[in-house]
Amino acid sequence: MNINVREENHAVIFDVEGRIDVDDVSNFCIAINSYIGRGYKYVLFNMAEVTHISTIALGFFVSVYKSINEINGYFAVYGIKKELQNVLNITQLISVISFFDTEKQAQMDLNKFYKNKKVII
């Protein structure tokens, strides 16, 4: 798994590539917690290049979602491949976490969220 991190429109975006296995979750946790610890509350995960997601990784997404939700932040995932969407449907994560097809859709939803919160940075 490779992670590239970028900042855009008040959000931190994690571009993830490859397989997300049990061994990768701890690195993921360190990365996301470092940004949350620095005050980032708006998190997007680009999963367009992800080829496999382990059940541990799915649990990680729920954990991140809860952490972000507790600080009145925003969390979304976009670009999930069709093969992996079946897993999200079976686990019903698709009804809990915001999933989008494209970054543009995720950014538009983040902008609505951001404006509704009337956030002052």
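The lining of the largest cavity has eight nonpolar residues, no polar ones and no charged ones. Here Ala, Val, Leu, Ile, Met, Phe, Trp, Tyr, Cys and Pro count as nonpolar, Asp, Glu, Lys and Arg as charged, and the others, Gly among them, as polar. The lining residues are Ile 53, Leu 58, Phe 61, Val 77, Ile 80, Leu 88, Leu 93 and Phe 99. The volume of this cavity is about 40 Å³. A search of the whole structure finds one cavity of 30 Å³ or more. A cavity is a set of points on a 1 Å grid over the protein atoms alone, where a 1.4 Å probe fits but cannot get out; lining residues have an atom within 4 Å of a point. Points are joined across faces, edges and corners, and the volume is the space filled by probe spheres set on them.

This is a predicted model: local features need pLDDT of at least 70, side-chain atom pairs count only at pLDDT 80 or more, and totals for chains, interfaces and linings use all residues. Residues are numbered from 1 along each chain as its sequence is written, and side-chain values use heavy atoms, with hydrogens and water left out.

Confidence comes next. The mean pLDDT (the predictor's confidence in each residue, from 0 to 100) of the protein is 87, and 97% of its residues reach 70 or more.

Five strands form an open sheet in the order β1-β2-β3-β4-β5, with mixed pairing. Its edge strands, β1 (2-8) and β5 (98-100), each pair on one side only. Neighbouring strands are turned by 25° against each other on average, direction ignored. Strands (E, at least two residues) and helices (H or I, at least four) are DSSP runs, numbered from the N terminus. Two strands pair if DSSP finds at least two bridges between them.

| Strand pair | Sense | Bridges | Partners |
|---|---|---|---|
| β1 and β2 | antiparallel | seven | Glu 8 and Ala 11 |

Helix α1 (residues 22-37) touches β1, β2 (11-20) and β3, and its direction makes about 175° with that of β2. Helix α2 (residues 55-70) touches β2, β3 and β4, at about 175° to the direction of β3. Contact means heavy atoms within 4.5 Å. Axes are lines fitted to C-alpha atoms, for helices over the stretch in contact; angles run from 0 to 180 degrees between N-to-C directions.

Conventions:
On a 1 Å grid over the protein atoms alone, a cavity is a set of points where a 1.4 Å probe fits but cannot get out, and a pocket is an open set with protein on both sides within 12 Å along at least five of seven lines; lining residues have an atom within 4 Å of a point.
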